[in-house]
Amino acid sequence: MIGRLNHVAIAVPDLASAAATYRDTLGATVSSIEDQPEHGVQTVFIDLGNTKVELLGVLGASSPIRGFLEKNPAGGIHHVCYEVDDIRVARDRLVAAGARILGDGEPKIGAHGKPVLFLHPKDFCGTLVELEER
């Protein structure tokens with residue numbers, strides 16, 4: 001059901017500084033900072049050719065990244081994102097298998113302009129999983 005790894009997301013306390021580290025120290029191709037108000041985050045993508053790293057920063061008082069950074073002040077891996085052919089078919093199959101979908105269970109448009117869903121980390125070895133439709 002899952003396809004390739006789309007990205008690994010890392011929550012960071014200072015998005016501009018983290019982007020500069022990837023760009024200046026590692027020589028990576030780094031996108032500009034983009035606001036994702038529906039998700040309460042700011043994003044920067046680092047293009048690795050075969051996949052991406054997503055840096056996540058806080059956007060707004062109710063940002064899910066705020067709580068993560070309170071527990072992990074230096075930041076850290078927040079989630080992994082896998083591609084699926086049809087997000088609704090994947091959702092229905094996962095729910096039938098007993099997996100929990102976070103939120104209202106309906107796909108939202110993610111940072112790449114494609115439908116996404118998040119799966120409960122307790123169902124996936126302690127890892128928050130994002131699914132993104134190809």
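## A buried alanine to start with

Ala9 lies in strand 1. Keep in mind, as you explore, that this is a predicted model. Is Ala9 buried or exposed? With a relative accessibility of 0%, Ala9 counts as buried, because anything under 20% relative accessible area falls in that class.

**Around Ala9**

- Setting aside neighbours within four places in sequence, Ala9 is in contact with Glu54, Leu56, Gly76, Ile77, His78 and His79.
- Ala9 and Val95 sit 86 residues apart along the chain, and 24 Å separates their C-alpha atoms.

**Helix 1 and its two sides**

- Helix 1 spans residues 15-25, and within it Leu15, Ala18 and Ala19 are buried.
- These three residues are on the same side of helix 1 because they cover an arc of only 100 degrees around the axis.
- What lies over the buried residues of helix 1? The cover includes strand 2, strand 4 and strand 5.

- Helix 2 runs over residues 64-71, and its buried residues include Ile65, Phe68 and Leu69.
- Their arc around the axis is only 95 degrees, so they share the same side of helix 2.
- Glu70 and Lys71 are exposed on the other side of helix 2.
- Among the elements covering the buried residues of helix 2 are strand 1 (5-11), strand 4 (41-47), strand 5 (52-58) and strand 6 (76-84).

- In helix 3, which residues are buried? They include Ile87, Ala90, Arg91 and Leu94.
- An arc of only 100 degrees around the axis holds these residues, which puts them on the same side of helix 3.
- On the other side of helix 3, you can pick out Val89, Arg93 and Ala96 as exposed.
- Strand 6, strand 8 and strand 9 are among the elements that cover the buried residues of helix 3.

**Nonpolar cores**

- The largest nonpolar core is made of 11 residues, including Val80, Ile87, Leu94, Ile101, Leu117 and Val129.
- At least two residues of this core come from each of strand 6, helix 3 (87-96), strand 8 (115-119) and strand 9 (129-133).
- Which element gives the largest share of this core? Helix 3 does, with three residues.
- Val129 touches Val80, Tyr82, Leu117, Phe118, Leu119 and Phe124, when residues up to four places away in sequence are not counted.
- There is also a second, separate core of 10 residues, with Val12, Ala28, Val44 and Ile46 among them.

**The largest pocket**

- How much space lies in the largest pocket? The volume is about 590 Å³.
- Its lining has 31 residues, and those nearest the centre of the pocket are His39, Pro64, His78, Phe118 and Leu128.
- Strand 4, strand 5, helix 2, strand 6, strand 8 and strand 9 each supply at least two lining residues of the largest pocket.
- By type, the residues lining the largest pocket divide into 13 nonpolar, 11 polar and seven charged.

- Leu26 is in the loop between helix 1 and strand 2 (29-30).
- Leu26 counts as exposed because its relative accessibility is 58%, and the cut-off for exposed is over 50%.
- The C-alpha atoms of Leu26 and Glu38 are separated by 31 Å, with the two residues 12 apart along the chain.
- Gln36 belongs to strand 3, residues 34-36, and is buried, with a relative accessible area of 14%.
- Not counting residues up to four places away in sequence, Gln36 touches Val41, Thr43, Leu59, Gly110 and Ala111.
- Where is Cys125 found? Cys125 sits in the loop between strand 8 and strand 9.
- Cys125 counts as exposed at 81% relative accessibility.
- Although Cys125 is not a glycine, it has a positive phi of about 60 degrees.

Technical notes:
Residues numbered from 1 in each chain as written. Predicted model: local features only at pLDDT ≥ 70, side-chain atom pairs only at ≥ 80, totals over all residues. Heavy atoms only, no water. Buried < 20%, exposed > 50% of the residue type's maximum accessible area, 1.4 Å probe, protein only. Helix = DSSP H or I, 4+ residues; strand = E, 2+ residues; numbered from the N terminus. Arc of directions from axis to C-beta. Contact = heavy atoms within 4.5 Å. Core = buried A, V, L, I, M, F, W, Y, C linked by side-chain atoms within 4.5 Å. 1 Å grid on protein atoms, 1.4 Å probe; cavity = no way out; pocket = protein on both sides within 12 Å on 5 of 7 lines; lining within 4 Å. Points joined across faces, edges and corners; volume = space filled by probe spheres on them. Nonpolar A, V, L, I, M, F, W, Y, C, P; charged D, E, K, R; others polar.
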